[in-house]
Amino acid sequence: MTEEELWRAVLAQIQLTISPANFATWFKDTAITSLKDGVASISVPNSFVKEWLEQKYHKTIFKILHSLNEEIKEVKYEFSKSSPKIQRKNLVSLRENGQLEFPEFKVDKETNLNPRYTFDNFIVGPCNELAQAAAWAVAENPGQVYNPLFIYGGVGLGKTHLLQAIGNKVIKSFSQKKVKYVQTEKFVSNVISAIRNHQIEKLKALYQPIDILIIDDIQFLAGKEKTQEEFFYIFNSLYEKNKQIVISSDRSPRAIPALTERLRSRFEGGMIADITFPDFETRMAILKTKCQERKIEFSEEVLNYIASAIQKNIRKLEGALNILIAHQNLQGSPPDLKTAKSLLKDLTSSLTRAITPKEVIKTVAEFYDLKEKDLLSPSRKKEVVKPRQIAMYLLREELKSSFPFIGRKFGGKDHTTAIYAYEKISKELEKDENMREEIVLIKQRFISGEI
Ligand code: ADP
Ligand code: MG
């Protein structure tokens with residue numbers, strides 16, 4: 001097993017546990033440079049990454065390395081300018097062979113687009129056909145059909161893929177059009193630093209020449225009023241010029257808390273399409289296509305197993321495939337069903353693992369953009385009361401927690417408070433469609449394990 005193969009296998013597993021943006025930030029341009037006396041040396045591109053890997057990812061990296069090669073007893077991270085040659089060599093081959101495996105590393109600096117997300121490799125099924133059709137129409141006639149196009153759905157279901165596919169198609173068919181893909185978190189931090197440096201006008205001016213503005217994960221604007229204001233300005237100035245705007249979110253516009261009314265009504269003024277969980281056939285089709293792309297074959301039985309075990313997150317579905325491919329590369333033969341099951345044990349068990357009350361509270365707090373301590377406090381503010389009742393409801397409904405337990409969790413409240421909350425939310429669910437949708441979205445977050 002070469003060092004390079006080993007590192008690729010490690011990255012394939014790490015990729016599953018963190019977001020694509022984090023993966024690209026911390027693992028791009030890393031490689032194993034030597035394996036000697038039980039010590040694996042990992043070269044990193046700068047000292048910041050070195051520190052980060054040591055502090056945040058060391059345990060994970062070590063655990064995976066050790067599981068692949070028991071002789072490894074220690075991992076070191078090196079940022080050295082003196083050995084660029086070795087680094088380069090390993091990096092190049094990692095990129096050449098790893099193109100499909102680690103596409104997060106291949107982003108265009110100007111547009112922020114990743115060329116690997118296209119319509120061609122986007123599988124269409126009942127879960128996403130409306131969103132796909134709308135995205136296609138927009139890419140063919142930017143600014144002419146649906147504006148803005150707003151696509152929403154849970155984690156790992158293909159929103160970023162579709163958004164980027166629009167961008168990639170547009171630059172291909174209209175080479176003169178200027179496309180920009182922006183992650184909302186990035187946008188927020190740009191606005192904040194522009195305000196601090198008195199450069200907000202300059203920042204806004206940067207958006208003026210854009211023909212297609214693609215904003216991913218807009219839910220991160222929740223509660224950030226100043227940023228919303230600047231975004232509203234940019235949105236309007238483009239919209240008035242018939243420039244295309246495409247937006248994604250993990251929930252519908254009306255379920256985004258603390259979104260100014262004028263932004264909400266702007267979002268609702270265009271086309272809204274959602275993406276739901278893929279059915280079994282779609283999951284199989286995705287797996288088969290990915291196998292074809294990677295020129296690799298697994299038995300029907302193994303593919304069946306993956307598609308049945310992983311139902312709610314296409315990123316995890318791909319991740320499972322990556323683990324099996326890494327295994328195949330190391331062993332030289334495809335895994336049988338038993339091996340596949342054991343290789344994917346961690347992944348599938350993390351999907352079915354028990355959810356803790358703390359996670360429920362954290363997820364609800366995050367969903368409504370509140371601090372956990374506010375949710376647990378006795379505050380009677382309207383924006384806190386409902387989320388608190390929902391948290392209590394979910395503890396009862398999903399975890400079967402007892403009412404006295406729930407009462408204690410929430411700042412020593414009497415169990416009757418918990419019963420009241422549970423009954424109130426249960427009743428509202430019967431008649432309030434918005435509420436039903438919010439609960440489904442919160443539950444999806446537990447299920448996809450992104451907490
Ligand atoms: P989201 O932005 O909704 O969290 P992504 O767009 O990042 O999800 O999708 C996660 C992974 O799953 C990506 O690698 C993407 O290419 C893949 N994927 C999602 N939906 C599809 C699909 N319909 N066909 C093929 N690949 C898909
Ligand atoms: Mg995304």
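This is a predicted model: local features need pLDDT of at least 70, side-chain atom pairs count only at pLDDT 80 or more; totals for chains, interfaces and linings use all residues.
Residues are numbered from 1 along each chain as its sequence is written, chains are lettered from A and ligands numbered from 1 in the order in which they are written, and side-chain values use heavy atoms, with hydrogens and water left out.

Around ligand 1 there are 19 residues, and those that come nearest are Ile123, Gly156, Thr160, His161 and Glu318; a residue is near a molecule or strand if one of its heavy atoms lies within 4 Å of it. Ile123 uses its backbone, where a polar atom sits 2.7 Å from a nitrogen atom of the ligand. With His161 it is the side chain that takes part, an N or O atom there being 2.7 Å from an oxygen atom of ligand 1. The side chain of Arg315 likewise has an N or O atom 2.9 Å from a ligand oxygen. On its own, ligand 1 has 550 Å² of accessible area, and the protein covers 96% of that (Shrake-Rupley method with a 1.4 Å probe; for residues, only the protein chains shown count as cover). Two or more residues of the shell come from each of helix H6 (159-173), helix H11 (280-293) and helix H13 (314-331). Helices (H or I, at least four residues) and strands (E, at least two) are DSSP runs, numbered from the N terminus.

What about the strands? Strand S4 (residues 149-153) and S8 run parallel, joined by 5 bridges; two strands pair if DSSP finds at least two bridges between them. Leu149 stands opposite Met271 in S8. Strand S8 (residues 271-275) shows two faces, with Met271, Ala273 and Ile275 on the covered one and Ile272 and Asp274 on the uncovered one. In a regular strand the side chains alternate between the two faces of the sheet.

The peptide bond between Asn147 and Pro148 is cis, with omega about -5°. The side chain of Asn147 also makes a polar contact of 3.3 Å with that of Gln244 (a pair of N or O atoms within 3.5 Å; within protein, one must be able to donate a hydrogen and the other to accept it, and residues adjacent in sequence count only if both atoms are side-chain atoms). Gln244 belongs to strand S7 (residues 244-249) and counts as buried because its relative accessibility is 0%. Buried means under 20% relative accessible area, exposed over 50%, and partly exposed in between (1.4 Å probe, protein chains only).

Two loop residues other than glycine have a positive phi. His198, with phi near 55°, lies between helix H7 (184-196) and helix H8 (200-207), and at 75% relative accessibility it counts as exposed. Asp217 has phi near 60° and lies between strand S6 (212-216) and helix H9 (225-240); at 22%, Asp217 counts as partly exposed.

As for disulfides (pairs of cysteine sulfur atoms within 2.5 Å), the count comes to 0. The sulfur of Cys127 is 18 Å from the closest cysteine sulfur, in Cys291, so the two are too far for a bond. Cys127 counts as buried at 6% relative accessibility, and Cys291 counts as buried at 5%.
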